[in-house]
Amino acid sequence: MNETLKTIESLRTVRSFSERDIPDEKLSRILNSCVKAASASARQTYSIIVVDDKSVMKEIGYTGNKMLVFCVDYNRIADTAEFLGYQFSYQEAVSDFVTGSTDTVLAAQTAAIAAKSLGIDSLFTNCLHRGNIDRIYKLLNLAEKYCFPLIALILGYADESKLKTTGKGRLSGPGVIHYGKYHRLKEEEINNIVLEYDAVEKHYLSLIAGWRDKGYGHYLDYFYEVWCGFLKRDGENETKRKIQDQYPEVEKVLVKAGFLREM
Ligand SMILES: Cc1cc2nc3c(=O)[nH]c(=O)nc-3n(C[C@H](O)[C@H](O)[C@H](O)COP(=O)(O)O)c2cc1C
């Protein structure tokens, strides 16, 4: 396996970081590398906020050595157009958001890979969207219009003594990879997926690794019922559980930012 594949295969989510600082030159390497990701018309419709202040990180949701907040952002492009005397138009609000998000996540994932290649671990989090999203705009001084904090990437050196992750669970067969044409899964293939999720060595979602001790038949029973809060169709649990809306404001903020039209 070559070094690039080894780096990609060794990517892991780390939730406990040591006190060790990321040297400035390594952070610069990560930032300079991540902007090399492909971007529609080479516009780079994102801004990356580098957060160093632990109290700000904590208020956002998680701490590490550094936090990179990747925002879909058209302001730089619009301001530059205005500067040159052009009227920038946001006619295609939703498609601008989709394309901008694609630019943004490609840069974010490239940052995670670049960091890993330098021995630095990471945690992606969408905690930005939990609860009051205005807090993120205020904390980071984000532009209200045409800017949306999409994903945060926490970087740092892992505290190996606290690491819980033991494996890398990912599906890579039917239902994920479709050769030639899209193939809707048949019942037997779905059953195989349910069993694949149960395999101990797969260790799918490290956060809920203890599902087996809680008396659930399958990992996915635990996942859908406890993690997602879904109800069973037979109605057995109907009164017990309600889906929690952890992200009540995303749509409202996208409208406010100009990426969605009000219905
Ligand atoms: C969009 C996105 C949001 C995520 N949000 C969180 C989060 O809020 N908290 C967390 O602990 N992990 C979060 N993760 C990390 C995933 O839980 C993690 O990638 C998954 O459990 C697989 O673990 P692995 O990366 O070690 O293979 C997020 C990952 C992505 C891509």
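Student: How many residues of strand β4 are buried?
Tutor: Ten of the ten residues of β4, residues 147-156, are buried, so the strand is largely enclosed by the rest of the structure. Keep in mind that this is a predicted model.

Student: OK, and how many bridges join β2 to β4?
Tutor: Eight, and the two strands run antiparallel. Strand β2 covers residues 66-73. Within this pairing, F70 stands opposite I151 of β4.

Student: What about β3, how many bridges join that strand to β4?
Tutor: Five bridges link β3, residues 121-125, to β4, and these strands are antiparallel as well. The bridge partner of S122 in β4 is L155.

Student: Switching to packing. How many residues has the largest nonpolar core?
Tutor: The largest nonpolar core has 33 residues. I60, M67, V69, L140, F148 and F259 have the most contacts inside this core.

Student: Which elements give two or more residues to this core?
Tutor: They are α3 (54-60), β2, α6 (134-140), β4 and α9 (250-256). Of these, β4 gives the most, with five residues. As general background, nonpolar side chains tend to be buried together in soluble globular proteins.

Student: You listed L140. Which residues does L140 touch?
Tutor: Not counting residues up to four places away in sequence, L140 touches I49, V51, V56, I60 and V69. Two of the names there, I60 and V69, are also among the residues with the most contacts inside the core.

Student: Which residues does the second core include?
Tutor: The second core is separate and has 17 residues, including I22, L68, A107 and I120.

Student: Now helix α8. Which of its residues are buried?
Tutor: In α8, residues 219-227, the buried ones are Y219, L220, Y222 and E225.

Student: And what do the buried residues of α8 pack against?
Tutor: They pack against α7, residues 187-198.

Student: Which residue follows α8?
Tutor: G229 follows the helix, and its phi is positive, near 75°.

Student: Last one, T7. Where is T7 found?
Tutor: T7 is found in helix α1, residues 3-9.

Student: Buried or exposed?
Tutor: T7 counts as buried because its relative accessibility is 15%, and the cut-off for buried is under 20%.

Student: Which residues is T7 in contact with?
Tutor: I113, K116 and S117, leaving aside neighbours within four places in sequence.

How values were computed
Residues numbered from 1 in each chain as written. Predicted model: local features only at pLDDT ≥ 70, side-chain atom pairs only at ≥ 80, totals over all residues. Heavy atoms only, no water. Buried < 20%, exposed > 50% of the residue type's maximum accessible area, 1.4 Å probe, protein only. Helix = DSSP H or I, 4+ residues; strand = E, 2+ residues; numbered from the N terminus. Pairing = 2+ DSSP bridges. Core = buried A, V, L, I, M, F, W, Y, C linked by side-chain atoms within 4.5 Å. Contact = heavy atoms within 4.5 Å.
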